[in-house]
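Here are my notes for a colleague meeting this structure for the first time. Please read them with the sequence and the model side by side.

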Amino acid sequence: MTGMDKEISIDIQKQERTTKVLKLAAGVAVLIMGIFGFRLLIKPSIEANEIHTAVAELGAIEATVSASGVVVPEFEQIITSPITSRIEEVTFHSGDPVDSGQSILQLDKKTVLSDLEKLKDEQSLQKNKAQQMRLLLEKNLSDLHNRFEIKKL
């Protein structure tokens with residue numbers, strides 16, 4: 001051994017081991033007391049007999065919530081009619097859900113239908129005029145063909 005090193009007595013070594021064991025035991029005791037103390041602080045707010053359980057089933061969940069206020073649509077869109085008409089009936093109102101293809105308004109179709117009938121009449125007149133012109137042209141062609149045949153003779 002060197003001059004500076006001294007042998008530690010067995011009593012001091014036992015004392016240090018005892019101190020370490022006591023510190024470890026105190027730490028474990030504090031940890032256990034902390035866990036039990038924390039469990040005492042956190043108590044359930046309801047009793048076990050107040051809890052009701054049931055088997056979950058598949059199906060729609062329905063809930064009713066009472067509330068008051070104004071429902072505002074996510075977005076609004078202006079719809080223009082391809083024809084000039086008068087509104088007879090409003091099928092849906094602001095905020096109602098609408099699916100694709102559903103009719104929103106009923107328009108007065110009487111004026112449009114009468115205009116359509118007029119256009120159909122005009123179209124049939126034009127077809128008749130075209131037919132008359134075709135017949136006239138065929139007659140003229142036939143006459144010219146006959147004249148040509150006569151002059152050939």
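1. Arginine 86 is exposed, at 53% relative accessible area. Exposed means over 50%, buried under 20%, and partly exposed in between, using a 1.4 Å probe and protein chains only. This is a predicted model, so local features need pLDDT of at least 70 and side-chain atom pairs count only at pLDDT 80 or more, while totals for chains, interfaces and linings use all residues. Residues are numbered from 1 along each chain as its sequence is written, and side-chain values use heavy atoms, with hydrogens and water left out.

2. Which residue does arginine 86 meet in a salt bridge? The partner is aspartate 108, at 3.6 Å from N to O. A salt bridge here is a side-chain nitrogen of Lys or Arg within 4 Å of a carboxyl oxygen of Asp or Glu. Aspartate 108 sits in the loop between β2 and α2 (110-152), and arginine 86 in the loop between α1 (10-41) and β1, so the pair ties together parts 22 residues apart in sequence. Helices (H or I, at least four residues) and strands (E, at least two) are DSSP runs, numbered from the N terminus. Aspartate 108 counts as buried, at 9% relative accessibility.

3. The structure holds two salt bridges. Lysine 152 and glutamate 149 form one of them, with their closest N and O atoms 3.9 Å apart. Both lie in helix α2, three residues apart, which means about one helical turn separates them. Lysine 152 is exposed at 56%. Glutamate 149 is partly exposed at 33%.

4. Two further residues of helix α2 deserve a look. Histidine 145 is in α2 and is partly exposed at 48% relative accessibility. Its C-alpha atom is 66 Å from that of glutamine 77, 68 residues away along the chain. Lysine 139 also lies in α2, partly exposed at 49%.

5. How many residues line the largest pocket? There are 20, and Gln77, Ile79, Phe92, Val98 and Ile104 lie nearest its centre. A pocket is an open set of points on a 1 Å grid over the protein atoms alone, where a 1.4 Å probe fits, with protein on both sides within 12 Å along at least five of seven lines; lining residues have an atom within 4 Å of a point. The volume is about 690 Å³, taken as the space filled by probe spheres set on the points. The lining has 10 nonpolar, seven polar and three charged residues.

6. Valine 98 is in the loop between β1 (87-90) and β2 (105-107). It is partly exposed, at 39%. Ile79, Ile87, Val90, Val98, Ile104 and Leu105 make a nonpolar surface patch of about 470 Å². Patch residues have over 30% relative accessible area and no salt bridge, with nonpolar side chains joined within 5 Å.

Conventions. Ala, Val, Leu, Ile, Met, Phe, Trp, Tyr, Cys and Pro count as nonpolar, Asp, Glu, Lys and Arg as charged, and the others, Gly among them, as polar. Patches are made of residues with over 30% relative accessible area and no salt bridge: like charges are joined within 9 Å, nonpolar side chains (Val, Leu, Ile, Met, Phe, Trp, Tyr) within 5 Å. Accessible areas come from the Shrake-Rupley method with a 1.4 Å probe; for residues, only the protein chains shown count as cover.
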